[in-house]
Structures are given as structure tokens and as C-alpha cells.
Amino acid sequence: MENMLNDEIMALVDDILADYEQNRKIDTDKTYSQPDKAMITNILSNLQRIIFHGYYRSQHYRIYTAQNNLSMLLEDVLFNLSKQIMLVLENVAASDEEDSQALEEKAYDICIAFLSKIPQLRASLEMDAQAAYDGDPAAAGIDEIIFSYPGFYAIFVYRIAHELQLLKVPLIPRMMTEIAHSATGIDIHPGAAIGSHFFMDHGTGIVIGETTIIGDHVKVYQGVTIGALSTKGGQKLKNKKRHPTIEDNVTIYSNASILGGETVIGRNAVIGGNTFITKSVPADTSVSIASPELIYRYGDHKEKEKLGEMNQDEQGDWVI
């Protein structure tokens, strides 16, 4: 039996090795020049410790010196992120005849430019955390949001990835947002432009496409898709505005789909749950689907009840 198993395994090895020789597009010989997902995850973890130093400080030391700790973390991120950036630049520049030293210097400069944005990132994330606290009566405090809200983790990773995207770093920004996607179920493309005080309540299942533009003080619930109307054009649609623009102070309720590059949701609009929107919505407008009916049967007796539609309460908030 053991000999038979060995023969079968070796036959499979021969078949697969023969297939490797077909030079398929999914094959590569660049094993040692690909970015390391585990290292990218570690970099995100260290950036979390830098940005939220009071929350993620090491608990192994009784004497804590912020300066020493920060210098070590920054050195670690600078070294490892520069190395990962250099790897992806090498792949892109393979035909550009840039030498290794030039690429190393370019990766280092990009990394320094990114790290210089940390105070700005901290300010943005503070506003996002405050928006989550202000918008969720279930939140006990900012610490709960930073430690436990998947939407906040996803926006933290997005804001880092977006800065690297603006610096024209290939591949790594998308790897970062996909790490957050795997952890939270929230898919934000690093190319999207998202304003301040952004809050994703619950978060699971949210999709935000590459060319989406989102203004300030926008609140989005679980299951929302801000996507393209059609992707049949494939690569021909690259660099074209395919995703909607969401203006300031918009609320989008669960499982709504807003699609299309020409679709604009005006400021202060409210988009109801389960709606499917492919054309622009004016400012100060609420959109909801027609209320379905619930049917109750009690023996021979039947009652119908319409589910409540969205209405404004005395404070001007939208309620269902």
C-alpha cells in the first residue's frame, strides 16, 4: 500500500511539474522578490502601536519611555516597509533598467514621505473614532471603538493604504486593505477618497469601490455596496470614474446598493435600507422602498400590517 501511494504521489508530481513548464500567467519564478503578507500584517500592527501608542503599548516593560519605544517602532517600520516597497518596485521596474541602489533609495524616500504623514493620519483617525462614538449610542467610549469595532479597524487600514496609494506604491496598499477585508468583512479599495468623520456601523459586508468619493460626516451601515454599475468593459474601464460620489452628511442604511460613476448622492440625503440606486439623488432627499406588508393569519381571520416607512422625528433625525 505504501509503495502504491508513493507511486501515485510521484505520478502527480510529474504531471504538475510538466504543467509548470506551460508558462502560465499564474506562474512566477520571483519567489524571493514578492512582498511578504506576514510582514505587511506585522507592519500594520506596528503602525497601530505608533498611531494609538496609549492603547497598544507593550505591557512587558514597567518603565515605559515613549521616545525610546517610538524610535524602535519607527526604525522597524522604516526598514521592513522600505524592503517590501523595494520588492514591488523591482517587479514594476524590471524593464525600466533601474539599478538596485536607485530603487532602494526610491523605496526609502517613499517610506519617509509616508511616515511623515503619521500626525495627519492620527488626526483623521481621531475624527473617525469620534464619529463612531457620536453616532452609536451602544458605544461605551473611544477605547471600545479602537479596540473592538471592525469598521474602525477597516478605516485605520484604509487610511494607511490610501496614503501609500497616493505615493504610487504598487500592490502593497491593496494587500493591506485585503488583510482588513479578511479580518472584518469590509472591502474598501485603497484608491477610494474618503473624507473626515467616517463611520461604518456594524460594518460587515460593506463594499467601497476604487473611484468612490465620500465627503465628510458620512455614516454607512452593514451590507452597503458603493460600486460600479457594470464591469463588462473590464480593463478598458481602468482609470475611469466607475463608482458613485457621496456628498457630506449622508446616511446610507443597511444593504443599500448605490452604483455608477455618474451617480451623486447629495449632501444631507438619507438612503433607506435595501434600496437599489443607479441615478443621482438631490441634496436633502430621503429615498426608501415601498413598505412591504406583513400578513397575520389567526385561523380564518387575516390581518395585514404595513411596515413603517422612514419619517423624520422632532429632532430631524430619520427613524423607521
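Student: In what order do the five strands of the open sheet stand, and is the pairing parallel or antiparallel?

Tutor: Strands of a sheet pair through backbone hydrogen bonds, either parallel or antiparallel. In this predicted model, local features need pLDDT of at least 70 and side-chain atom pairs count only at pLDDT 80 or more, while totals for chains, interfaces and linings use all residues. Residues are numbered from 1 along each chain as its sequence is written, and side-chain values use heavy atoms, with hydrogens and water left out. Strands (E, at least two residues) and helices (H or I, at least four) are DSSP runs numbered from the N terminus, and two strands pair if DSSP finds at least two bridges between them. Here the order is β1-β4-β7-β10-β13, and the pairing is parallel. Because β1 (187–188) and β13 (276–277) each have a single partner strand, one side of each is left without a neighbour in the sheet.

Student: Which strand is joined to β1, and by how many bridges?

Tutor: Strand β4 (residues 207–208) is joined to β1 by two bridges, and the two run parallel. Ile188 has Ile208 in β4 as its bridge partner.

Student: What is the order of the open sheet of four strands?

Tutor: The order is β2-β5-β8-β11, again with parallel pairing. Two bridges join β8 (residues 245–246) to β11, where Val264 stands opposite Thr245.

Student: How many aromatic pairs does the structure hold?

Tutor: Rings of Phe, Tyr and Trp (its six-membered ring) pair if their centres lie within 6.5 Å; planes under 30 degrees apart count as stacked, over 60 as edge-to-face and the rest as tilted. The structure holds six such pairs. Among them, Tyr55 and Phe147 are edge-to-face, at 5.4 Å centre to centre with 80° between the planes. Tyr55 lies in the loop between α2 (37–51) and α3 (66–92), and Phe147 in helix α6 (residues 142–148), 92 residues apart.
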